[in-house]
Amino acid sequence: MSFTGSTTTGYKVMANAAKSLKRLTLELGGNDPGVVLDDADPKQIAPGIVRAAFFNSGQACIALKRLYVPDSLYEALSDELWSHCQRLILGDGLD
């Protein structure tokens, strides 16, 4: 059994798995921020930000969950991120 999510729910999953001694992998907590600096180039950093947030469908404890962006870059970076997100392929991960 594998679970990625909150610590509170992780306790419940672990308690239920223990009843029948199921093997269990938990990835809990995590609230990993990204910080964009004032001199960043939105076109250059957007692909890495999208990868950091969505690799493994975002189901990893180290996936980017929050992004702090200077007001001066907000619009340009938002546009770049949206552009890259539109190119993501959704579907069966085994394809």
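Here is a short tour of this predicted model, one selection at a time.

Before you click, some ground rules: residues are numbered from 1 along each chain as its sequence is written, and side-chain values use heavy atoms, with hydrogens and water left out. Because this is a predicted model, local features need pLDDT of at least 70 and side-chain atom pairs count only at pLDDT 80 or more, while totals for chains, interfaces and linings use all residues.

**Stop one: the whole chain**

Show the cartoon. Along the principal axes, the C-alpha atoms fill a box of roughly 55 × 30 × 15 Å.

Buried residues come to 21% of the 95; buried means under 20% relative accessible area, exposed over 50%, and partly exposed in between (1.4 Å probe, protein chains only).

**Stop two: Glu80 and Lys43**

Which residues form the salt bridge with its closest N and O atoms 3.0 Å apart? Select glutamate 80 and lysine 43. A search of the whole structure finds one salt bridge, defined as a side-chain nitrogen of Lys or Arg within 4 Å of a carboxyl oxygen of Asp or Glu. Glutamate 80 sits in helix H3 (residues 71-86) and lysine 43 in helix H2 (residues 42-54), so the pair ties together parts 37 residues apart in sequence. Colour by accessibility here: glutamate 80 counts as buried at 15%, whereas lysine 43 is exposed at 59%.

**Stop three: Pro42**

Next, pick proline 42, also in helix H2. Is this residue buried or exposed? Proline 42 is buried, with a relative accessible area of 12%. Setting aside neighbours within four places in sequence, proline 42 is in contact with Leu73, Ala76, Leu77 and Glu80 (contact meaning heavy atoms within 4.5 Å). Glu80 is also the salt-bridge partner of lysine 43.

To finish, draw a distance from proline 42 to phenylalanine 3: these residues are 39 apart along the chain, and their C-alpha atoms are separated by 33 Å.

Technical notes:
Helices (H or I, at least four residues) and strands (E, at least two) are DSSP runs, numbered from the N terminus.
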